[in-house]
Amino acid sequence: MTKEPIRLTVNGAPREGVAEPRKTLADFLREDLQLTGTHLGCEHGVCGACTILLDGPAVRSCLRFGVQADGAQIMTIEGLERDGELHPLQEAMRDSHSFQCGFCTPGFLMTAYAYLQDGGEFSEEEIREELSGNLCRCTGYQSIIDGVQLAAARLGKAQGR
Ligand code: FES
Ligand code: FES
């Protein structure tokens, strides 16, 4: 099958590659751009492990084709840290022991990052709702909720705390 050129911005840097039209964005990021922090679990839109930011909102990269991202601004888990420093969200989730095996963590972090950007009440109930599209088979979720709530508080976003 003919490969198509893809030019996009990833984590603030221009990137390009070529891919067959049927290649998913997740596979393009992982295999062609070597950004393997984006994980693949179910590969059909259920688990959220492949979540990235595409022109702002959090999306599931297993449900997009790479060619659809031509010209897009993408942020992956690799874009959270700056100059070797973890993002406050990463620090808060580390401090809250928000992961065990860590497989789900990139997806949760990107979903939570988009949620923090959008703003909200950051109550436990709201955080549970916002993260309800991401699955974790290890933690029981409470420590993940705690991590996001701690990040919101540290970033001065939480209301009523
Ligand atoms: S791998 Fe994309 S939602 Fe599960
Ligand atoms: S920490 Fe293992 S799947 Fe979430």
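Figure 1. R128 is partly exposed because its relative accessibility is 35%, where partly exposed lies between buried (under 20% relative accessible area) and exposed (over 50%), with a 1.4 Å probe and protein chains only. E124, at 34%, is likewise partly exposed. The closest N and O atoms of their salt bridge are 3.2 Å apart; the term denotes a side-chain nitrogen of Lys or Arg within 4 Å of a carboxyl oxygen of Asp or Glu.

The model is predicted: local features need pLDDT of at least 70, side-chain atom pairs count only at pLDDT 80 or more, and totals for chains, interfaces and linings use all residues. Residues are numbered from 1 along each chain as its sequence is written, and side-chain values use heavy atoms, without hydrogens and water.

**Figure 2. Salt bridges around K23.** K23 pairs with D32, the closest N and O atoms being 2.6 Å apart. K23 is partly exposed at 21% relative accessibility, as is D32 at 27%. A network of salt bridges links K23, E31 and D32.

**Figure 3. The salt bridge between R94 and D95.** The side chains of R94 and D95 meet at 3.1 Å, N to O. R94 has a relative accessible area of 41% and is partly exposed; D95 is also partly exposed, at 34%. The whole structure holds six salt bridges.

**Figure 4. Two cysteines, C42 and C47.** C47 is buried because its relative accessible area is 14%, whereas C42 is partly exposed at 24%.

Technical notes
Chains are lettered from A and ligands numbered from 1 in the order in which they are written.
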